[in-house]
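Here is my note on the model, point by point. Please read it with the structure open.

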Amino acid sequence: MARLYILLFLVQVVLAVCALISCLSAEEDGIRHLPRIAWLLIILFFPLVGSIAWFVAGRERKPVGGSTSWASGARPADRRRPAAPDDDPEFLRSIEERSRREDQELFRRWEEDLRKREDDLRRREGEPPREEPRPEV
């Protein structure tokens, strides 16, 4: 019999903790009938009854399953935005453009360095540096 009382006590404590967390994390417009502080006091002073009352009457009920308001195809504005940056085509384009510019700049610096090295090598060997125009890429 003592085990049953201990089990019921633990269930009551877990239920009260869950109700407190739910009440504290609920949005202001998601709390019904009483202010948040009143619900907190009810849950604290009457853990079993207060917890059950909170879950039954205190919090706003959310639709379960597919019965959302935008199930018919009309989605809220928040759902139109990409969920992650790599899902946003504009972001991907900006990354591609930045990568292309960086590659071009790196290629330009490599070509410039190669020209300087060629000119230095020609000077050491006694040949005059090339004067012909070099194609830009």
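1. Burial terms. Buried means under 20% relative accessible area, exposed means over 50%, and partly exposed lies in between, with a 1.4 Å probe and protein chains only. By that scale Cys18 is partly exposed, at a relative accessible area of 40%. Cys23 is buried, at 0%. The structure holds 0 disulfides, a disulfide being a pair of cysteine sulfur atoms within 2.5 Å.

2. Ground rules. This is a predicted model, in which local features need pLDDT of at least 70 and side-chain atom pairs count only at pLDDT 80 or more, while totals for chains, interfaces and linings use all residues. Residues are numbered from 1 along each chain as its sequence is written, and side-chain values use heavy atoms, with hydrogens and water left out.

3. Nonpolar core. A nonpolar core is a set of buried Ala, Val, Leu, Ile, Met, Phe, Trp, Tyr and Cys residues joined through side-chain atoms within 4.5 Å. The largest one has 8 residues: Ala19, Cys23, Ala26, Ile31, Trp39, Leu40, Ile43 and Trp54. The elements giving two or more residues to this core are α1 and α2. Helix α2 gives the most, with 3 residues. Helices here are DSSP runs (H or I, at least four residues), and strands would be E runs of at least two; both are numbered from the N terminus. As background, nonpolar side chains in soluble globular proteins tend to be buried together.

4. The tryptophan pair. Rings of Phe, Tyr and Trp (its six-membered ring) pair if their centres lie within 6.5 Å; planes under 30 degrees apart count as stacked, over 60 as edge-to-face, and the rest as tilted. This rule gives a count of 1 aromatic pair. The ring centres of Trp39 and Trp54 are 5.6 Å apart and their planes stand at 70°, so the pair is edge-to-face. Because Trp39 lies in helix α2 and Trp54 in helix α3, the pair ties together parts that are 15 residues apart in sequence. Both Trp39 and Trp54 are buried, and both are listed in the largest nonpolar core.

5. Val17 and Ile43. Val17 is found in helix α1, residues 2–25. At 41% relative accessibility, Val17 is partly exposed. In sequence, Val17 and Ile43 are 26 residues apart; in space, their C-alpha atoms are 9.0 Å apart.

6. Surface patch. Which residues form a nonpolar patch on the surface? They are Ile37, Leu41, Leu44, Phe45, Phe46, Leu48, Val49, Ile52 and Val56, with about 920 Å² of accessible area together. Patches are made of residues with over 30% relative accessible area and no salt bridge; like charges are joined within 9 Å, and nonpolar side chains (Val, Leu, Ile, Met, Phe, Trp, Tyr) within 5 Å. Areas come from the Shrake-Rupley method with a 1.4 Å probe, and for residues only the protein chains shown count as cover. Helices α2 (36–45) and α3 (47–58) each supply at least two residues of the patch. Val56 sits in helix α3. It is partly exposed, at 47% relative accessibility.

7. His33. Please look at the backbone here. Phi of His33 is near 75°, a positive value in a residue other than glycine. His33 is placed in the loop between α1 and α2. At 64% relative accessibility, His33 counts as exposed.

8. Salt bridges. The whole structure has 10 salt bridges, each a side-chain nitrogen of Lys or Arg within 4 Å of a carboxyl oxygen of Asp or Glu. Glu97 and Arg100 meet in one of them, at 2.7 Å, N to O. They are 3 residues apart in helix α5 (residues 89–125), so about one helical turn separates them. Glu97 is partly exposed, at 35%, and Arg100 is partly exposed, at 38%.

9. Further along α5. Arg108 and Glu112 meet in a salt bridge at 3.0 Å, N to O. They are 4 residues apart in helix α5, about one helical turn. Arg108 is partly exposed, at 38%, as is Glu112, at 34%. Glu111 forms a salt bridge with Arg115, the closest N and O atoms being 3.3 Å apart. Glu111 and Arg115 are also 4 residues apart in helix α5. Salt bridges that share partners join Glu105, Arg108, Arg109, Glu112 and Lys116 into one network.
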